[in-house]
Amino acid sequence: MYNGHLSIEEIEQLSQQKGPAENQTHVENCQQCKSLLAKYQIVSAKLDQLASARIGAKNGMNCPEEKVWFDVAGGTLPEAESFTHIQHAAECESCGKKLRNATRLFDEKLSPEEEKILSALPSTGAKAQSKLAERLASSGRGADVQQAKKKAIKFFALPFGRPQPWMAVAAVVIAAFVGFQAYRINEIGKIQTKIANQYKKGRPTEFRVAGVDFSRLTATMGGVERFYVRVPDWLQRPTLSAQAAFLEREWDAAIRILEKARQSGNNSVEVLDNLVVAYALEGERAQDRDFYAKALLLSDEIIQQYPSDAIVYFNRALLFEQLGRRQDAIVSLRKFIEMEPDGPSRDEAKEKLQMLL
Amino acid sequence: MDYQVLSDDDLVRECGENPCLEAWEEFIRRFHRTIASVALRACREWSQALPDVVEDRVQDALAKLCADNYSMLRMFHPHHPGAFRGYLRKITANVVYDHFRAEHAAKRDVANTTELNDSIHQLDCELGFTSSRDFEIFLNEIDDLLLQRGNGPIEKRDRAIFWLHYRYGMTAKEIASIPSLKLGEKGVESVIHRLMREIKEALVSKD
């Protein structure tokens, strides 16, 4: 109590419906405190709503380069300089958002979905990391060798006064190789976007195709309509080629592509998951249970090799369902739901499970 | 040499100055996850999350570290403990952004940009402010109160924290992750709570 009235702390407690009962009695009988509590509640509501509305400031002037926000979030700038930028961000909508994004980008805690993607990266495996380390350790020595070569070339070129013809040939070969690689990467990017866009419209089969974002099975895509996205062989991207084959409803072509990839040593989870889908769909088309058996066998292999892969459980559930093994389908779906983070993919599995129960 | 017992900074120096398989094996063991997680999130910012794409960006980041005879590693001088991870995150994010910026230079998505006036209009409706002007007055009132607290480094820091939280939705954890603020999550929470309380009190007693 303060001067016979409630203190501001007590008013705050009351606004949160806390504090002793006698304060409540006081406020009911004291006009001044009652009015103060009402004002407090109005101001609190305004501020709370303001917080949930997340309104930005106006864009500031003299904004720093976008890359600065990675420096601020990463702590690579001198303290005073970093602090100046933080103050700017607090008053500039555009930069405030960039700083927020940078801190989110650098957050060490990963969601289960992110963990899943990370564990599927080729460089995550112990063997691959060892090879990678070997390459990185020698890349400096490689640079030294190149420098030494440069010196040697200079030495031998000097007496003749101009570079040798073989150097021009080598330069052309190297330039052609670099150009080809750049072109290849660009082509892969374009095709990936094209395929991803088609899948976004709806996936072509009830099975889950690995390597593309989840989308619902739409009437158009689940029907007979085909989409053609050409993936040239020289791009050497079996997963993309198989995704394109699924869009064309060419299940046997997908089998050929993915089996070839396996034979050449590519046993990535995406290749195996999609091979399960291809065998299952070909089994359905040809009404041949041998294909289903192959798909099931392969899915066992995936579970052994990639225990964190959820897709295989969803596809197994569909396989079991088609084979009339309802109980096994239920177990697989439950496992998928347990592993899959919240999202439409999980919701779809739940719907399916409801139908089976 | 047993590279597993080296500090991050010493390991980085060894990898840059005396590169060998064992040092780089330890480097990859310690830092691959940091690089890969930033690469993944940065790829997602550009709507790309296929493992192949993320993997390529991880390789780009590692190639950047090794370029020019490991100059990025040899140039690194730590300002504070744990500085290398921040440096690594920054390099990775820049590598990914540079890649996609070059790829999508012509495809900037301006459709998703919300103009401030639109946001204010939306807020007017939500909060019952009669006009944008009323809302701006309310914001200015809060900012004046924050400025009245003083002009020292602590007051400036607190004001920045308050607006980063309320304007841009940065959580206490996210704000605390900015190394130059030198505050933990609890510290940031306490600043926000204290300022909010002061503002409420000031607004109530003013009315």
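# Close-ups of a two-chain predicted model

**View 1. Two helices of chain B packed at an angle.** Helix 1 (residues 8-17) of chain B packs against helix 2 (residues 21-45) of chain B at about 135 degrees, and their axes are 9 Å apart. Axes here are lines fitted to C-alpha atoms, for helices over the stretch in contact, with angles running from 0 to 180 degrees between N-to-C directions. Helices (H or I, at least four residues) and strands (E, at least two) are DSSP runs, numbered from the N terminus. Helix 1 of chain B and helix 2 of chain B are therefore oblique to each other (under 35 degrees would be roughly parallel, over 145 roughly antiparallel, 65 to 115 roughly perpendicular, and the rest is oblique). On one side of the contact sit L11(B), E14(B) and C15(B) of helix 1 of chain B; helix 2 of chain B brings A23(B), W24(B), E26(B) and F27(B). Contact means C-beta atoms, placed from the backbone, within 7 Å. By class, the residues of this contact between helix 1 and helix 2 of chain B split into five nonpolar, no polar and two charged (Ala, Val, Leu, Ile, Met, Phe, Trp, Tyr, Cys and Pro count as nonpolar, Asp, Glu, Lys and Arg as charged, and the others, Gly among them, as polar).

View 2. Residues are numbered from 1 along each chain as its sequence is written, while chains are lettered from A and ligands numbered from 1 in the order in which they are written. The mean pLDDT (the predictor's confidence in each residue, from 0 to 100) is 81 for chain A, with 86% of its residues at 70 or more. For chain B the mean is 83, and 85% of its residues reach 70 or more. Over residues 108-127 of chain B, though, pLDDT is below 50, and that stretch has 21 contacts beyond near neighbours in sequence. Residues 142-161 of chain A also stay under 50, with five contacts beyond four places in sequence. Within chain A, helix 10 (residues 219-222) has the lowest confidence, a mean of 48, and helix 4 (residues 68-74) the highest, at 92. For the complex, the predictor gives an ipTM of 0.84 and a pTM of 0.55.

**View 3. Where chain A meets chain B.** Each side puts in its share: 65 residues from chain A and 65 residues from chain B. On the chain A side, the elements giving two or more residues include helix 3 (31-53), helix 5 (79-91) and helix 9 (165-200) of chain A. That side of chain A has 30 nonpolar, 19 polar and 16 charged residues.

**View 4. A covered helix in chain A.** Helix 11 (residues 238-247) of chain A is mostly covered, with ten of its ten residues buried (20 or more other C-beta atoms within 10 Å of its own; 12 or fewer is exposed, and in between is partly exposed, with C-beta atoms placed from the backbone). Among the buried residues are L240(A), A244(A) and F246(A). Their cover includes helix 9, helix 12 (251-263) and helix 13 (269-286) of chain A. After helix 11 of chain A comes R249(A), with a positive phi near 65 degrees.

**View 5. The two chains overall.** Chain A has 17 helices and zero strands, and 34% of its 357 residues are buried. Chain B has nine helices and zero strands, with 38% of its 207 residues buried.

Definitions and conventions
This is a predicted model: local features need pLDDT of at least 70, side-chain atom pairs count only at pLDDT 80 or more; totals for chains, interfaces and linings use all residues. Two residues are in contact if their C-beta atoms, placed from the backbone, lie within 7 Å.
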